[in-house]
Amino acid sequence: MKKSIFLYLFILTFLMLLFTFMYFNKKVSFETQRFENFKTQMYDSINGLNSKLMDAGHFSLPMNDNAQNYLENYSISKLIPHIENKILELNENPEGNPLTGYEKIDSKKFLINKIQVLNHRWIIADYSNGDLWGEVLIKYFIEEDENITFEIIQTVLYPKQ
């Protein structure tokens, strides 16, 4: 009788070990497959975001080869901050930045917040007086003495919401 109990215990233990081994083996395989699927999805997401980033950067001076060729006598990495600084210096005007196309409203002056140099000729900027927001398209020229002049092409002031 002792032999049969030990035999049953041994068979039961063997079956439990076999099922446990099979369970963990399939679990590892399942987790590996899940990780591979997740990794593939992440690579696809990263590639999609890189593509969107490249598309969004298409309208910027650092990504525009034709505009860079036009400005071949200038260092683009130094020119963009120089242009941005010239525009932001105009914020110090007591009447507000003249490139916004608007004067003070309720004694609040309009100031340019964000600037994007699109190419060798155009700039788009975001401006606000704290209550109202707008955008302006600016044409710029680099003179021979490296002085920069600006001309407003179009300005938009969004209604207060």
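Start by selecting Lys108 and Asp131: these two form a salt bridge, with their closest N and O atoms 2.5 Å apart. The term salt bridge here means a side-chain nitrogen of Lys or Arg within 4 Å of a carboxyl oxygen of Asp or Glu. The pair ties together distant parts of the chain, 23 residues apart: Lys108 sits in the loop between α3 and β1, and Asp131 in the loop between β2 and β3 (133-142). Helices (H or I, at least four residues) and strands (E, at least two) are DSSP runs, numbered from the N terminus.

Before moving on, a word about what is on your screen. This is a predicted model, in which local features need pLDDT of at least 70 and side-chain atom pairs count only at pLDDT 80 or more, while totals for chains, interfaces and linings use all residues. Residues are numbered from 1 along each chain as its sequence is written, and side-chain values use heavy atoms, with hydrogens and water left out.

Now colour by accessibility, if you like. Lys108 is partly exposed, with a relative accessible area of 32%, and Asp131 is also partly exposed, at 34%. The classes are buried for under 20% relative accessible area, exposed for over 50%, and partly exposed in between (1.4 Å probe, protein chains only).

**Next stop: Asp106 and Ser107**

Stay in the loop between α3 and β1 and select Asp106. Its phi is near 55 degrees, a positive value in a residue other than glycine. Ser107, in the loop between α3 and β1, has a positive phi too, near 60 degrees. Most residues other than glycine have a negative phi. Asp106 counts as exposed, at 65% relative accessibility, and Ser107 is likewise exposed, at 65%.

**Then the rings**

Show the aromatic side chains: the structure holds 4 aromatic pairs. Rings of Phe, Tyr and Trp (its six-membered ring) pair if their centres lie within 6.5 Å; planes under 30 degrees apart count as stacked, over 60 as edge-to-face and the rest as tilted. Pick Tyr102 and Phe110, whose ring centres are 5.8 Å apart and whose planes stand at 45 degrees, so this pair is tilted. Tyr102 is partly exposed, with a relative accessible area of 29%, whereas Phe110 is buried, at 0%.

Tyr127 is buried, at 0% relative accessibility. With Tyr102, Phe110 and Tyr127 all shown, you have a cluster linked by ring pairs.

**Last stop: helix α1**

Go to helix α1 (residues 2-56) and select Glu31 and Arg34, which lie 3 residues apart and are separated by about one helical turn. Their side chains meet in a salt bridge (3.6 Å, N to O). Glu31 is partly exposed, at 36% relative accessibility.

Finally, select Glu36 and Lys39, whose side chains meet in a salt bridge at 3.8 Å, N to O. This pair is also 3 residues apart in helix α1, separated by about one helical turn. Glu36 is partly exposed, with a relative accessible area of 33%, and Lys39 is partly exposed as well, at 32%.
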